[in-house]
Structures are given as structure tokens and as C-alpha cells.
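Please read the points below alongside the sequence and the model.

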Amino acid sequence: MIKLLEVKDLVQSFNLTSDFLDKLKLKNGRVTIESRVVNAVNGISFYINRGEVFSLVGESGCGKSTTARTIIKILEPKGGKILYKDRDITRLGPKEMLPLRKEIQMIFQDPYASLNPRQKVKDIIMEPMLFHRVAANKDEAYNKSIEILKKVGLRPEQANRYPHQFSGGQRQRIGIARALAVEPELIIADEPVSALDVSIQAQILNLLMDLKDEYGFSYLFIAHDLSVVRHISDRLGVMYLGCIVEKGSKEQIFSNPLHPYTRILLSSVPTIDEESITDSLELKGEIPSPIDLPSGCYFHKRCPFAKEICKKVVPQLKEIEDGHEAACHILLGEEGDRDNEKKGYTR
Amino acid sequence: MGNKLLEVKELRTYFHTFKGVVKAVDGISFSLEEGEILGIVGESGSGKSVTSFSILKLIEEPGVVEAEEILFKGEDLFRKSEKDMMKVRGREISMIFQDPMTSLNPLYTIQQQIEEMLKLHGNFNEGQRKERCIELLRLVGIPNPEDRLKSYPHQFSGGMRQRVIIAIALAANPKLIIADEPTTALDVTIQAQILKLMKELVYNEGASLILITHDLAVVSQMADRIAVMYCGKIVEEGSTDDIIKNTAHPYTKGLLNSIPRLNKNLNRLEQIPGMVPNMFDLPRGCKFAPRCKYSKEKCLVEEPKNIIVGRGHRTACHFPLKEGYILD
């Protein structure tokens with residue numbers, strides 16, 4: 001397997017107090033200087049093989065989208081490395097990034113906001129082609145765009161329409177067509193189906209899978225819906241507060257989740273089959289603020305299994321089985337369960 | 001159990017616009033027993049929210065509500081005056097809306113917003129009201145309710161705001177709560193918390209619940225009975241078990257199969273082809289016929305009648321996936 005993209009210890013943060021005046025705060029009648037930083041991504045590492053679907057899952061605010069945006073350098077990374085085809089692209093400037101933008105394309109979450117309402121569909125698809133010189137002239141670009149529209153399940157005569165004349169599902173198809181237009185190798189799909197109805201969601205997921213088989217794309221798939229992720233991914237990483245707490249193959253994570261957070265996340269998903277949500281493991285409280293991160297394990301305040309050590313020491317990712325890593329002091333595999341039973345923790 | 005709390009007969013809500021008439025809800029009937037949870041499922045535009053607004057007569061121009069009857073505790077809501085409806089809304093039937101970010105007033109404290117409900121629908125003095133506020137907030141699981149009373153909505157997270165909204169909805173001890181996509185805007189772990197809470201509260205307070213959602217999985221976990229809506233009509237209604245396991249309508253079947261499962265490996269999802277038809281230009285005959293893989297000649301011309309396919313299980317389909325008989 002060849003690694004197409006590799007991310008090492010990626011860090012992203014936003015300074016809320018970049019201006020000196022923002023730093024001044026009145027506390028107990030005194031003016032103090034305080035800087036506040038949102039730690040959105042706190043050193044995450046993963047890789048995507050060629051032809052593979054890697055997913056990042058997590059709840060809102062866990063830094064999945066920020067990671068995606070940092071990888072294509074819409075945001076400058078604050079630390080760590082991004083390797084694309086073994087080439088370090090972390091410090092490339094906008095000009096040097098241009099040829100890479102053709103190879104890495106993005107599909108956005110909101111099909112209503114991500115298309116220019118004043119451009120016809122054909123122009124939306126032709127523009128990137130002409131810009132990246134995938135097509136030599138307008139005629140060629142037009143012919144190609146018609147082909148692509150057919151691929152994504154739209155009719156050629158719809159090429160002359162504007163985005164508002166389409167439904168949500170169709171607009172998402174246009175977004176996908178635009179990404180396909182420049183023949184990319186890696187597609188970053190940021191919640192591509194979360195704004196769609198279930199029946200339409202199934203259509204789009206099938207389309208994404210078909211295109212992958214046909215063109216051999218790799219996907220970085222970002223979603224909060226675990227059942228969607230399970231359906232589409234080969235490997236995945238579970239994110240919590242800007243960290244990957246567990247990563248591994250789909251089978252490993254869904255059949256043997258190790259991290260308590262993954263377990264709780266899995267049991268919170270409502271299913272149509274037997275298991276009742278009222279018996280699910282409940283997660284107490286809410287995600288802490290990324291402005292002041294908790295000490296030790298970021299999850300310890302909400303973790304039903306937390307011990308003393310979790311409050312102090314940050315757990316590192318450990319490989320438990322081949323390619324299956326988790327960052328937890330009390331690993332909850334089958335052995336972990338036995339341990340916990342002995343100590344009186346029950347699930 | 002056993003007593004009918006709400007009975008809706010032939011409810012129609014039409015919107016008369018310049019472009020034509022939109023039949024958002026087109027002749028639906030359903031009922032709800034005391035203590036029961038009814039789930040209404042459907043995709044966007046199927047008329048599920050309009051149904052709930054119509055029951056409370058909250059439809060504005062150009063919408064027009066018509067119904068044979070909307071019986072609530074034996075009284076016909078449809079024939080009540082606006083003044084009488086004011087006494088029903090909030091006190092007897094309360095609503096929980098989808099978006100916890102916008103359904104609270106950002107300019108008032110939590111206490112003021114809960115108290116408003118108590119002032120309108122109860123005889124409490126100031127001290128009692130405050131006590132009741134604290135009690136309600138504790139009921140919905142907000143930590144340190146005494147300290148949070150003076151907080152404003154922006155100081156709460158999405159899940160917490162939804163809890164406050166539930167507290168407001170419960171304030172006057174309503175008999176019926178209508179929850180319109182109460183957890184759609186929330187994360188799964190928070191969704192699980194809120195759903196659990198709602199189920200407990202409904203049982204403990206002896207209220208009934210109409211849960212409106214697009215998520216079949218959520219509804220199957222919560223509801224006693226489910227009604228599936230498509231293009232303003234109920235295409236199938238029955239007990240949760242019957243809907244999930246003895247599915248009779250091809251649309252319900254399609255919806256069930258298009259959901260990716262957590263515990264099954266599927267190579268491809270079964271998809272319903274096409275999309276929801278334009279509401280200005282609905283197909284003649286069965287509204288689902290153009291997308292249905294079982295559709296025949298008859299489906300395109302003739303609108304299907306309700307067919308009884310089991311005890312308390314009906315479907316509107318000419319060729320249901322389960323044997324049944326037509327009830328005249």
C-alpha cells in the first residue's frame with residue numbers, strides 16, 4: 001500500500017486575543033492580561049492509503065472540519081507535518097499549493113451555500129477545469145462537464161440551470177461533479193450527506209462509492225453519523241476535543257471498541273434493531289471548552305471509568321492489535337472489562 | 001391506557017399561493033391514546049410539521065386548515081375560537097421545537113421565560129413560581145438550577161437549551177406534548193440524553209407525546225405507534241413492531257433499507273430512486289407511484305384506499321407487501 005496522505009502531530013489553534021486590547025480583562029476590580037486560545041486540533045496523526053476511505057468521526061466541536069481545512073491549507077497549520085505523496089506540504093505557499101489543489105478536492109457539507117447562486121451548473125463545473133487546464137478550451141470543457149453530469153446522475157439539459165432550480169440532493173451531486181471536474185486523487189468530503197434526507201443520503205453514498213471504484217479515488221470522509229461512517233470507511237479515527245482517541249480498521253473499531261468514548265458513542269446511536277436507547281451507556285455532561293482543556297486525559301471528567309491517573313497524565317496512543325490504536329489508561333477491551341469487573345465497575 | 005386523548009379526522013391543510021394550491025396535509029386521520037407515544041416520520045416536505053401546527057391551529061395565511069374533527073379530550077379543537085385555543089396551547093398541549101438555538105428569547109433570563117408560562121397558566125405567587133422553576137430545571141437534569149435561573153440562553157449549550165425548552169413545555173403539566181424534531185440539531189450522545197429524558201418524563205408525568213422526526217431509528221426507539229407520511233398523506237400506520245418488522249408499504253420499506261446499519265455490513269444501500277415530487281404538481285393516483293419499484297398501471301391513475309393489514313396496522317397502497325383487506 002502506498003500512503004497518499006500522511007498527517008503527523010497536526011496542531012491547529014485560534015487566538016481569540018490576537019489584538020492587545022482583547023487581552024485586557026477586568027477581574028475583581030483589577031485589569032489583568034489574559035490570552036485565550038481555542039485549541040481546535042491538538043496533535044493528531046493518521047494516514048490515508050491510495051484507494052482507501054479514511055473517516056474522522058466525532059461530535060460537533062471536536063475539530064474534524066478544522067483538520068480538513070488545515071490539510072488543504074485553507075488554514076495555516078500551527079504545528080506538525082502534512083505529507084502528500086511523501087512530499088512535505090506543510091510550509092508551501094499559496095502559489096506552490098496551486099498544482100496540489102487540482103489533486104486534492106473538497107466536497108462541502110451545505111449544498112445550499114457551497115454553490116455560487118449566480119453561476120450556471122455548467123459554468124460551476126467548467127471553471128475549475130479551465131483554471132487547472134484539465135481542458136484545453138471551452139468546448140472541450142463543456143463536453144467534459146456534460147459527461148461528468150451524467151456520471152453523477154444529472155441530465156445534460158440541466159447544465160444550463162442555476163443552483164436554485166435543484167433540490168438539496170441534486171445540489172450535492174453538482175458539488176460532487178465540481179470536485180470530479182479536475183480529476184483529483186484525494187477527495188475530502190466534509191459531512192457530505194448530513195444535510196440530506198435519508199432516501200437521498202443513500203443515493204449520494206452509493207454514488208460516492210461507485211465513483212471511488214471507477215476512478216480509484218481516496219477519500220477523507222468527515223462525519224458525525226456513525227452508521228454512515230461504518231458503511232463507507234475502510235479505516236477511521238474517533239476524535240474528541242481535537243485528539244484522535246482511537247483509530248483502526250472499520251472491523252476493529254465497530255466490533256471491538258477500546259476507548260470508553262468510542263463505546264459510549266456507539267451505544268448512543270439509535271438503531272432500528274432491538275437494542276433500546278434507554279439502556280445505552282450515558283455520557284454525563286458535555287464537551288469541555290477547547291479554550292481551557294482539562295488536565296490529563298481530556299475525557300476524564302465525563303468518563304465513567306476514570307481513575308486518579310486519568311486526571312494527571314495525558315494518555316498516548318498505544319497499538320493494541322495490528323493497526324488498532326487507542327489512547328486510554330484503562331483500556332477497555334475484553335481484558336479491560338475483566339479488570340473493571342474485579343474492581344467493581346459494571347457497565 | 002385505552003382512553004382516546006386526541007382524535008384527528010380528515011385533516012387538510014392547504015396553502016393557497018400565487019403559484020397554485022399546495023396540499024401540505026391532505027386528508028389524514030389518526031388518534032392518540034392517553035400515555036401513548038406516537039411517532040410521525042417522513043422526509044422533508046412530507047407535511048409532518050404542518051400537521052402539528054394544524055392541530056394547534058397555528059397555521060397562518062395563506063394556509064387554510066380544514067378538518068372533520070380534531071377531538072382533544074372530547075372537545076373539538078377545530079371549532080374552538082382563538083380565545084379558547086389560547087387556553088389549550090401551553091396548558092393542555094405544548095410544543096417543543098426543532099431548533100434550540102432560536103426558540104428561546106435571547107433577551108430574557110431562563111427564569112423569566114419559564115415564569116411566563118406559569119403566569120399564563122397557573123395561580124402561583126412569586127415565591128411559588130421561583131420554586132416551580134427550580135423544580136422544573138432539576139427535573140430536566142440541569143445541574144445547580146438555583147444558580148442557573150438568572151442565566152441567559154447564550155450561556156447554555158445546545159443540549160442544555162433543549163432541556164430548558166422541555167422544562168418550559170412541561171411547566172403547566174400539559175396532557176399532550178408535541179415535539180417537532182427535538183433532537184435533530186444535537187449530537188448523538190446529547191440526543192441519547194434528551195430522548196431518555198423525554199421518555200421518562202412522559203411516563204412519569206402521565207402525558208402523551210407526538211414525536212415528529214425524519215429519523216426512523218429515533219422513532220423506533222421511542223414510539224409505541226408510528227405513522228409514516230409521504231406528500232401530505234399517511235401511507236402507513238401501525239405499532240412500532242409492525243412498521244419495522246411487518247412493513248406493508250413500499251415507501252416504508254424503502255426508507256428502512258436506505259438507512260446504513262451499525263451492525264450489518266452492506267455493500268450497497270438500497271435506494272429509493274428519484275425524489276419527493278413537486279408539491280404544486282403531485283402525481284395523480286398514488287403519490288409514491290413514480291418512485292415505487294412495485295408500481296403498476298393502477299397506481300398511476302387511482303388513489304389507493306386504506307387497507308387493514310393487521311390489528312391496528314393500516315396502509316394506503318394498492319399492492320401492499322402484506323395481505324390485507326379494504327375497510328369501507
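**Notes on the predicted model**

1. Helices (H or I, at least four residues) and strands (E, at least two) are DSSP runs, numbered from the N terminus.

2. This is a predicted model, in which local features need pLDDT of at least 70 and side-chain atom pairs count only at pLDDT 80 or more, while totals for chains, interfaces and linings use all residues. Residues are numbered from 1 along each chain as its sequence is written, and chains are lettered from A and ligands numbered from 1 in the order in which they are written.

3. How many of the 13 residues of α6(B) are buried? The count is 12, so the helix is largely enclosed by the rest of the structure. A residue is buried if 20 or more other C-beta atoms lie within 10 Å of its own, exposed if 12 or fewer, and partly exposed in between, with C-beta atoms placed from the backbone. Among the buried residues are B:Arg161 and B:Arg163, as well as B:Val164, B:Ile165 and B:Ile166. The buried residues pack against β7 (93–96), α3 (110–120), α4 (126–139), β8 (176–180) and α7 (188–205) of chain B. Contact requires C-beta atoms, placed from the backbone, to lie within 7 Å.

4. Chain B as a whole holds 11 helices and 14 strands. For its 328 residues a compact globule would have a radius of gyration near 20 Å, and chain B has 21 Å, which agrees. That radius is taken over C-alpha atoms, and the globule rule is 2.2 Å times the number of residues to the power 0.38. The C-alpha trace of chain B spans about 70 × 50 × 40 Å along its principal axes, and 45% of the residues of chain B count as buried. Of the contacts in chain B between residues at least 6 apart in sequence, 62% join residues at least 24 apart.

5. Strand β1 (residues 4–17) of chain B runs antiparallel to β2 (residues 20–33) of chain B, joined by 11 bridges; two strands pair if DSSP finds at least two bridges between them. β1(B) and β2(B) form a hairpin with two residues between them, and B:His16 has B:Val21 as its bridge partner. β1(B) also pairs in the antiparallel sense with β5 (residues 69–72) of chain B over four bridges, where B:Leu6 stands opposite B:Phe72. A further antiparallel pairing over four bridges joins β1(B) to β4 (residues 63–66) of chain B, with B:Phe15 opposite B:Gly63.

6. In chain A, eight strands form an open sheet of mixed pairing, ordered β8-β9-β10-β5-β11-β12-β14-β13. Its edge strands, β8 (104–107) and β13 (318–321) of chain A, each pair on one side only. β13(A) pairs with β14 (residues 324–326) of chain A in the antiparallel sense over three bridges, and A:Lys318 stands opposite A:Ala326.

7. Between the chains, the contact takes 33 residues from chain A and 35 residues from chain B. On the chain A side, α7 (198–215), α8 (226–232) and α10 (260–268) each give two or more residues, and the largest share, seven residues, comes from α7(A).

Terms used. Contact = placed C-beta atoms within 7 Å.
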